[in-house]
Amino acid sequence: MGAAQAVIRLICSFISIKLTAAYLGPSGLALVAQFNNLVTLGQGLAGSAANTAIVRLTPELAEDPDRRQVLWATAARIASLLALGFALLLVLFSEFISQRAFGDAGHWGAVMLCAGSLLVVVVNGILLSVLNGLGDITRVVRFNVAATVAGLLVFAPACVWGGLQGGFVGSALAYTVALLISVVGLRGPSKISLSRLFNGYDSEAARRVWAFFPMLIAHATLSPLSTMVVRDTIMNTLDTQSAGLWQAAWRLSEVYLTVVTTSVSLYFMPRLGELAARPAELRREVWRTLATVTLVTALIATAIGLLRQWVVPMVFSREFAGAQALMPLQLFGDVLRMAGWTLGFVLVALVRTRWYLAIEVAVPLLFVLAVNLLIPEQGVMGAVAAYVLASGVHLLMGLTGLRKLLFRQLSA
């Protein structure tokens with residue numbers, strides 16, 4: 001089901017990218033991506049830790065519905081209050097953020113849209129996380145598929161008719177439509193009481209939820225920020241056209257990798273929660289998932305790499321032909337990235353805070369530093385080489401941090 005959902009998302013994302021590339025060009029593609037990165041950054045800061053806590057801890061409370069409800073309400077209250085605070089900051093500093101994120105203070109309206117979208121995305125994330133934690137994968141998939149298709153139907157005409165501003169508005173409307181689908185879908189008999197979901201707080205539940213925040217805030221902050229900084233560095237060091245070509249290669253990776261991340265995310269975290277107290281079974285599950293993720297990513301990456309001279313013009317336009325040269329190295333980096341991403345899931349589930357934070361700080365920092373060192377001599381290709389280097393370090397650090405779990409039998 002996760003793979004089916006990912007395929008639908010993949011198709012819709014390709015259509016969305018094609019429209020953005022055709023009607024907005026390389027620079028417009030980069031700016032719309034920056035808008036969505038800003039929303040992702042805010043959602044990660046406010047909601048990702050609460051979402052992960054819900055998915056990870058709900059299976060442990062399967063026999064205690066009351067404590068489970070308290071956990072949901074506590075996590076929802078924490079996330080919603082944080083989202084409100086971040087949204088107010090975006091509103092208050094909209095012109096400054098617009099100048100930094102979009103290179104033009106005149107896009108302050110887009111920052112205001114980001115603020116509203118942030119609140120919407122955080123609430124929707126809580127609803128879907130509760131369903132995921134309960135193992136109700138069917139409804140999670142249905143909601144996500146409906147939201148993906150409906151979001152495209154909203155974004156496409158907005159982008160075609162409104163240009164860049166339409167792209168901003170269409171992106172914000174797509175987030176709102178996704179929330180409406182979830183709310184409507186949860187009406188009627190359900191284990192989830194919408195009236196109680198954001199009404200309640202428990203100090204013990206809060207302690208368990210806050211335990212995930214250092215790891216997930218680091219991930220939510222530094223990873224999107226590094227991408228934004230890299231894009232800004234390319235624009236300032238080279239030009240907007242070069243930033244658009246890099247964004248095309250990066251965006252293509254993001255889209256096809258959703259086939260893997262969506263499929264794995266639906267089950268892996270709850271499964272790790274079930275096996276946390278059984279090391280032998282946990283070890284087998286981690287190795288099995290790591291091998292599967294790496295193999296599937298490598299196969300898809302190889303196919304795209306071999307067909308890139310057709311894929312790039314088909315997905316984007318002829319203006320993006322320069323992105324073809326970037327793809328082989330970018331795709332190799334994707335394989336390393338996904339292997340490291342899988343191990344990061346395990347570090348979060350086991351609350352290995354120090355190792356996870358070390359990775360989340362070191363990898364984005366290395367990425368940005370390498371970009372600044374390599375771009376002057378290698379151009380855009382330097383940014384891709386920096387990505388490969390950072391992804392390789394990510395994988396090595398993940399293996400080191402989990403060495404006692406992963407290699408205990410081998411060393412015995």
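A residue is called exposed when its relative accessible area is over 50%, and buried when that value is under 20%. Keep those cut-offs at hand for this tour of a predicted model.

**Stop 1: L92**

Select L92, in helix α2 (residues 65–92). Is L92 buried or exposed? Its relative accessibility is 66%, so L92 counts as exposed. Together with L92 they make a nonpolar surface patch of about 470 Å².

**Stop 2: helix α5**

Move to helix α5, residues 137–185. A straight helix of 49 residues would span 72 Å, yet the end C-alpha atoms of α5 span only 13 Å. Where is the kink in α5 centred? Select G162: the kink there is about 150 degrees.

Stay in helix α5 and pick L173. L173 is partly exposed, at 41% relative accessibility. From L173, draw a C-alpha to C-alpha distance to A276. The two are 39 Å apart in space and 103 residues apart in sequence.

**Stop 3: the cysteines**

How many disulfides does the structure hold? The count is zero. Select C12 and C159 to see the reason for this pair. The closest cysteine sulfur to that of C12 is in C159, 15 Å away, which is too far for a bond. C159 is likewise in no disulfide. C12 is buried, with a relative accessible area of 10%. C159 is buried too, at 0%.

**Stop 4: helix α10**

Go on to helix α10, residues 279–306. Its 28 residues should span 40 Å, and its end C-alpha atoms are 40 Å apart, which agrees. Colour the buried residues of α10, among them L282, V286, L290, V293 and I304.

E285 is also buried, at 8% relative accessibility. Show its side chain with that of R288: they form a salt bridge, the closest N and O atoms being 2.7 Å apart. Both lie in α10, three residues apart, about one turn of the helix. R288 is partly exposed, at 46%.

**Stop 5: other salt bridges**

The whole structure has five salt bridges. Side chains of opposite charge can pair when their charged atoms come close.

Select E281 and R278 for one of them, with closest N and O atoms 3.4 Å apart. E281 is partly exposed at 30%, and R278 is partly exposed at 38%.

End at helix α7, residues 203–210. There R207 and E204 meet in a salt bridge, 2.6 Å from N to O. They are three residues apart, so about one helical turn separates them. E204 is partly exposed, with a relative accessible area of 40%.

Terms used. Residues numbered from 1 in each chain as written. Predicted model: local features only at pLDDT ≥ 70, side-chain atom pairs only at ≥ 80, totals over all residues. Heavy atoms only, no water. Patch = residues over 30% accessible without salt bridge, like charges linked within 9 Å, V, L, I, M, F, W, Y side chains within 5 Å. Areas by Shrake-Rupley, 256 points an atom, 1.4 Å probe, with all protein chains shown as cover. Salt bridge = Lys/Arg side-chain N within 4 Å of Asp/Glu carboxyl O. Helix = DSSP H or I, 4+ residues; strand = E, 2+ residues; numbered from the N terminus. Buried < 20%, exposed > 50% of the residue type's maximum accessible area, 1.4 Å probe, protein only. Expected span 1.5 Å × (residues − 1). Bend = angle between axes of the 7 residues up to and from the residue. Disulfide = S-S within 2.5 Å.
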